Amino acid sequence: MAGDTDYDAVVIGGGGAGLAAAVSAAERGASVILFESEGELGGSTQLSAGLFTAAATSVQKELGVEDTVDRFFQHYMDLNQWLLKPGLVRRFCELAGPTLEWMLDLGLEVPAQVSGNAHQPGLCRAGVEDVWRGHVPKDQGYGLVQVLDRARRAHGIDAVLHTRVERLLVAEPQGSGPARVTGVVADGVELTAGAVVVASGGLAQDPALVERWFPDALRAGESLFVVAAEGSRGDHLAYGEQVRAAVAGDGWGLMLPTAEFVRHHHWQAGFPPPSRVHVNGQGRRFMDEDANYAVSGGLIEAQGGPAWMVFDEAARTALPDGYADWDADRVLELVGTGQVTRADDLPGLAAAVGVPADHLVAAVERWNAQLPHGSDVDFQRDRTLAAKGVTTPLAPIAVPPFYATCVLPTELVCTHAGLEIDTSAAVLDVAARPIPGLYAAGEAGGGVLGNRYVGGGNAVANALTMGRLAGQSAAAALGH
Ligand SMILES: Cc1cc2nc3c(=O)[nH]c(=O)nc-3n(C[C@H](O)[C@H](O)[C@H](O)COP(=O)(O)OP(=O)(O)OC[C@H]3O[C@@H](n4cnc5c(N)ncnc54)[C@H](O)[C@@H]3O)c2cc1C
């Protein structure tokens with residue numbers, strides 16, 4: 001046990017960031033306890049595909065992919081228009097690769113093979129980067145959590161479930177200095193510690209906090225649905241208020257575009273027909289329909305009005321069985337509710353959704369002249385399909401009746417407003433001073449996740465990399 005405190009470190013939250021922090025602090029000899037508000041560990045990390053973005057890894061090397069931290073950093077900053085602090089992002093880019101190696105050493109499996117999507121273990125094209133950086137682990141997010149939990153148990157770290165940490169214990173500041181964190185209160189019990197790591201995830205499950213910190217999500221209106229874990233209640237922000245912590249990432253988060261009727265993550269929802277065209281309110285095609293979500297939400301929102309996904313009867317009837325939303329019969333049911341529009345020909349469909357008929361007809365004709373022959377001169381979707389391992393050309397959109405449904409960013413995955421951290425994952429106060437005894441990581445730690453999601457794999461890499469760093473820093477500050 002740690003000196004005159006109950007523990008060296010208390011970790012709040014048992015998702016990816018919290019488990020990584022707990023294990024890395026214990027590796028350095030710190031005594032650690034972890035609190036988890038829900039009945040099991042894992043949080044959003046466990047629900048995720050586990051896709052992990054990192055540069056210069058052994059997996060990339062084995063596949064002959066040349067990559068460097070410099071290149072990763074440049075891409076990360078450029079995609080985010082340099083709105084993030086370069087020092088913190090550089091640290092993240094330096095540590096993401098070593099953190100993946102650490103996970104591999106702990107038993108994670110990421111085979112050195114090409115992966116066509118986030119469900120096949122291996123290396124995939126994870127975003128709009130020029131080098132493949134998407135590491136897909138065996139058993140996805142569940143696999144990550146299992147590996148970390150095994151290490152937690154091996155270190156004898158207690159994980160207390162069903163216990164939502166209520167608040168921090170705080171020592172009054174000396175003069176005008178920052179407050180000092182001395183422990184936590186959980187289940188009404190005070191527990192003292194040399195360091196507290198806040199790893200309680202994001203705020204997606206609290207509607208009032210979403211309205212304050214990620215109001216763009218509300219543009220989805222009644223189509224908005226949240227897939228983040230139940231425990232994503234934004235408790236980090238209340239802790240931050242106790243110690244006048246700064247917040248980074250205000251207004252940012254990840255929304256995935258879907259058809260407006262979809263209510264589940266794609267594992268359950270299923271996938272839209274491959275043979276489809278997205279057109280804007282002018283009836284013009286405006287994007288690669290498979291564009292990565294690093295950019296696809298922005299592309300749709302930039303149209304300034306409704307965007308429509310258009311497909312035909314052959315595409316509907318070819319939908320595979322077993323999915324909750326993208327199912328042939330369900331699409332017909334939705335015609336009845338008005339969430340899907342149907343017409344016998346394309347001019348009729350255009351009239352029904354209010355776009356110029358000649359534009360829509362021209363968009364579909366041009367698509368038919370290209371994609372079924374394997375090329376997409378305008379939007380380069382053939383390259384995206386090739387990276388996904390799709391080798392058969394897509395069918396034309398030609399069999400009546402035709403269908404249209406609104407497509408927009410509706411699926412709230414994660415939020416980026418977290419307690420601002422420095423390059424050691426220490427939380428900064430509003431005067432940019434590290435708050436003694438307080439660290440944060442994952443969605444609860446702000447400054448790494450930006451306005452543009454670098455991925456897939458950005459948020460899991462952030463959680464594990466910064467969580468591991470927070471645990472190391474906390475232990476080092478206590479002399480371990
Ligand atoms: C369906 C889905 C798929 C995704 N796929 C990917 C992907 O493939 N790649 C990627 O990079 N990102 C992905 N993401 C996002 C990514 O999973 C998360 O951003 C990341 O895992 C968050 O990790 P975390 O440790 O910060 O939070 P979490 O993993 O959510 O862990 C936080 C934990 O803290 C607990 N907690 C909260 N408040 C308290 C409290 N007061 N006291 C105690 N415990 C508390 C929560 O219950 C939770 O278990 C996905 C997210 C979802 C929902």
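**View 1. Thr163 in a loop of the predicted model.** The side chain of Thr163 comes within reach of the backbone oxygen of Leu161, at 2.8 Å, in what is a predicted model. Thr163 itself sits in the loop that connects β6 (158-160) and β7 (165-171). With a relative accessibility of 5%, Thr163 counts as buried, because buried means a relative accessible area under 20%. When residues up to four places away in sequence are not counted, Thr163 touches Phe35, Glu36 and Ser37, together with Ala186 and Asp187.

**View 2. The residues around the ligand.** The shell around the ligand holds 41 residues, and of these Glu36, Thr45, Asp235, Glu443 and Val460 come nearest. Sorted by class, this shell has 19 polar, 17 nonpolar and 5 charged residues. Several elements each supply at least two residues of the shell, namely the helices α1 (16-27), α2 (43-47), α8 (235-242) and α16 (458-477), along with the strand β16 (402-415).

View 3. A polar backbone atom of Gly15 is 3.5 Å from an oxygen atom of the ligand, a backbone N or O atom of Gly43 lies 3.4 Å from an oxygen atom of the ligand, and for a backbone N or O atom of Asn458 the corresponding distance is 3.3 Å. The protein buries 97% of the 990 Å² that the ligand exposes when it is taken alone.

**View 4. The span annotated in UniProt.** An unreviewed UniProt entry lists residues 8-460 under "domain: FAD-dependent oxidoreductase 2 FAD-binding".

**View 5. Ser24 in helix α1.** Ser24 is found in helix α1, where its relative accessible area of 0% makes it buried. A polar atom of the Ser24 side chain lies 3.4 Å from the backbone nitrogen of Gln472. Gln472 is also among the residues in contact with Ser24 once neighbours within four places in sequence are left aside, the others being Trp102, Gly467, Arg468 and Gly471.

**View 6. Gln46 in helix α2.** Gln46 lies in helix α2, an element that supplies at least two residues of the shell around the ligand. At 16% relative accessibility, Gln46 counts as buried, since the cut-off for that class is under 20% relative accessible area. Not counting residues up to four places away in sequence, Gln46 touches Glu40 and Leu41 as well as Gly141, Tyr142, Val145 and Gln146. Pro400, which is 354 residues away from Gln46 along the chain, has its C-alpha atom separated from that of Gln46 by 42 Å.

**View 7. The buried residues of helix α4.** In helix α4, which runs over residues 69-79, the buried residues are Phe72, Phe73, His75, Tyr76, Met77 and Leu79. These buried residues of α4 pack against the strand β3 (52-53) and the helices α5 (86-106) and α16. Helix α16 is also one of the elements that supply at least two residues of the shell around the ligand. After α4 comes Gln81, a residue with a positive phi near 50 degrees.

Definitions and conventions:
Residues are numbered from 1 along each chain as its sequence is written. This is a predicted model: local features need pLDDT of at least 70, side-chain atom pairs count only at pLDDT 80 or more; totals for chains, interfaces and linings use all residues. Side-chain values use heavy atoms; hydrogens and water are left out. A residue is near a molecule or strand if one of its heavy atoms lies within 4 Å of it. A polar contact is a pair of N or O atoms within 3.5 Å; within protein, one must be able to donate a hydrogen and the other to accept it, and residues adjacent in sequence count only if both atoms are side-chain atoms. Accessible areas come from the Shrake-Rupley method with a 1.4 Å probe; for residues, only the protein chains shown count as cover. Helices (H or I, at least four residues) and strands (E, at least two) are DSSP runs, numbered from the N terminus. Ala, Val, Leu, Ile, Met, Phe, Trp, Tyr, Cys and Pro count as nonpolar, Asp, Glu, Lys and Arg as charged, and the others, Gly among them, as polar. UniProt positions are given in the numbering used here, feature names are shortened, and annotations may be inferred rather than shown by experiment. Buried means under 20% relative accessible area, exposed over 50%, partly exposed in between (1.4 Å probe, protein chains only). Contact means heavy atoms within 4.5 Å.
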